[in-house]
Amino acid sequence: MPELKVLVVDDEPGIRSGVSRILNNFRVAYPFMDEDFTFVVSEAATGEDGIAMIDGDRPDIVLLDNKLPGIQGTEVLEYIRNKSYDVVVAMITSYASLDVALKAHKYGATDFVPKPFTPQELKSSIENITKQLYLKRITHKMNEEGRKVRYQFLSVLSHELKAPLNAVEGYLQMMQERQSGDRIEDYATPIERSLQRIQWMRSLIMDLLDFTKIRLERKEEKIEKVYLKNIASNAIVTVRPYAIQMEVAINLGLKSDAVMMADPTDMEIIFNNLVSNAVKYNKRGGKVDIVIDEDEEDVILLFADTGIGINEKDKADLFSDFVRIKNEKTRNIGGSGLGLSIVKQVVDLYHGSITVDSVPDAGTTFRVRLPKKFN
Amino acid sequence: MKKSDFTILVADDDPDYLFQTVNNLGRAGYKTVAVESQAEAESVILKMKPSLAIFDLMMENDDSGFILCYKIKKKYPDVPVILATAVAHETGISFSLDSEAEKSWIRADRYLEKGIRPEQLDMEIMKLLKI
């Protein structure tokens with residue numbers, strides 16, 4: 001159970017013991033918290049003692065009287081602010097002059113509890129302070145975690161961007177030093193490979209743009225009636241040259257007209273990624289079946305291929321950033337490792353779901369459900 | 001000993017980078033064995049003792065290079081190992097998380113940033129092989 005440390009700084013012994021008595025049996029609960037907060041109170045009779053205890057004990061909450069025998073409450077407050085301690089301060093004071101109120105506000109006092117106060121007044125004040133403290137700390141924690149995830153994303157990204165540059169640079173050096181001969185024909189493979197790496201890098205950059213778009217865009221303005229049949233046809237047209245090269249047949253099965261409210265670009269992201277994956281990870285002479293269906297609530301999309309499949313172990317990470325399944329069968333297939341992560345994010349945005357069934361060497365089926373109404 | 005008396009094992013899952021490294025080492029005069037994965041490297045280590053090994057850090061596992069360092073040093077403590085990575089400073093975080101613990105058992109002799117010039121790589125190798 002989380003316990004908050006409260007320090008009461010007041011020269012009146014009655015106030016100090018009163019606060020201790022009231023708060024030692026008090027607990028604060030909120031529906032969004034798993035556990036209740038309880039309080040443990042310590043006391044200081046002067047500002048000087050208060051500062052020593054703040055330095056030593058690091059309380060979470062300080063209840064601070066302004067009129068003290070030595071230094072004043074506002075000076076204690078100023079001290080706390082200068083030290084940047086993570087502590088919430090409430091002033092308890094019998095009369096607040098404008099000057100004191102302004103100073104207290106300037107140094108970040110959270111609350112005023114007028115003296116004399118009833119137990120109920122103190123409790124409701126503490127309840128407010130606790131909630132603020134909790135939210136402040138949880139936000140801080142979430143920001144920290146967010147930063148870490150972003151940092152990892154960037155480090156992998158820079159690896160993915162540097163690898164093709166290194167490869168192309170190496171080939172250019174070979175050519176510069178005329179390592180294989182003086183004729184351009186002597187460098188057919190390095191040129192071919194460089195172009196290939198550059199092309200993969202370009203598709204990574206395109207994926208990155210999609211990725212940023214999903215994260216930054218305001219959706220509401222772009223929602224319109226989308227005919228999924230058209231989106232599917234466009235995706236098929238886009239991937240067709242590649243499919244012909246791979247000798248993969250693509251069939252579109254329409255079990256319904258499937259009209260939904262969405263940003264058409266999002267639906268393009270889903271179809272383009274899943275259709276091109278179905279071709280990319282297929283076998284020569286294989287096929288891809290795309291089925292568009294619906295029930296009462298949702299549009300149901302199926303993307304089935306007859307490709308290399310995914311084993312159970314690899315399925316778990318499939319939708320994470322930069323995850324590419326590395327094995328003998330995928331080594332000559334280029335990709336950013338962002339496609340499925342992007343698809344998943346779009347599906348989540350629409351409160352839909354995506355699942356995968358796969359049998360290694362037989363094929364993979366992705367099933368997407370999207371609510372017809374956007375909310 | 002001449003450079004051609006040394007066999008260097010190179011493991012990297014980027015086929016282009018592997019090709020170029022092997023090409024450069026060959027031009028410098030070394031014999032090479034090239035493999036594209038941690039698994040292949042492991043089976044090579046079982047069969048032969050290279051004079052030196054260059055491992056990419058991230059192959060089929062994020063720590064493939066570390067694992068290979070450990071395995072080769074266990075079997076042949078005297079074989080120098082170079083760990084090559086394109087992510088030396090970017091992954092500072094993921095390195096530093098366990099690096100103190102890992103340093104005790106990963107004993108790569110050099111960490112090299114990918115993309116170093118062929119002559120530089122050759123110099124590092126000559127130092128390690130004491131040529």
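1. In this predicted model, helix α8(A) meets helix α10(A) through Asp266(A), Ile269(A), Ile270(A), Asn273(A), Leu274(A) and Asn277(A). On the α10(A) side the residues are Gly339(A), Leu340(A), Ile342(A), Val343(A), Val346(A) and Val347(A). Sorted by class, the contact of α8(A) with α10(A) comprises 8 nonpolar, 3 polar and 1 charged residues.

2. Two packed helices are described by the angle between their axes and the distance between the axes. Here α8 (residues 264-280) and α10 (residues 339-349) of chain A pack at about 145 degrees, and their axes are 9 Å apart. The crossing of α8(A) and α10(A) is left-handed.

3. Chain A also has antiparallel strand pairing. Strand β10(A), residues 287-294, is joined to strand β11(A), residues 298-305, by 7 bridges. The two form a hairpin, with 3 residues between the strands. Within this pair, Asp293(A) stands opposite Ile300(A).

4. Leu301(A) has Val368(A) of β13(A) as its bridge partner.

5. Chain B contains an open sheet of 5 strands with parallel pairing, in the order β2-β1-β3-β4-β5. The edges are β2(B), residues 31-35, and β5(B), residues 110-113, each of which pairs on one side only. From one strand to the next, the twist averages 20 degrees.

6. Within that sheet, β1(B), residues 7-11, pairs with β2(B) in the parallel sense over 5 bridges. Val10(B) stands opposite Ala34(B) of β2(B).

7. How confident is the predictor in chain B? The mean pLDDT of chain B is 83, and 84% of the residues score at least 70.

8. Over residues 88-100 of chain B, pLDDT stays under 50. For this stretch the model has 8 contacts beyond four places in sequence. Where pLDDT is low, the predicted coordinates should not be read in detail.

9. For the model as a whole, the scores are ipTM 0.73 and pTM 0.57.

Notes
Residues numbered from 1 in each chain as written. Chains lettered and ligands numbered in written order. Predicted model: local features only at pLDDT ≥ 70, side-chain atom pairs only at ≥ 80, totals over all residues. Pairing = 2+ DSSP bridges. Helix = DSSP H or I, 4+ residues; strand = E, 2+ residues; numbered from the N terminus. Axes fitted to C-alpha atoms, helices over the stretch in contact; angles between N-to-C directions. Left-handed = near helix turned anticlockwise from the far one by under 90°. Contact = placed C-beta atoms within 7 Å. Nonpolar A, V, L, I, M, F, W, Y, C, P; charged D, E, K, R; others polar. pLDDT = per-residue confidence, 0-100.
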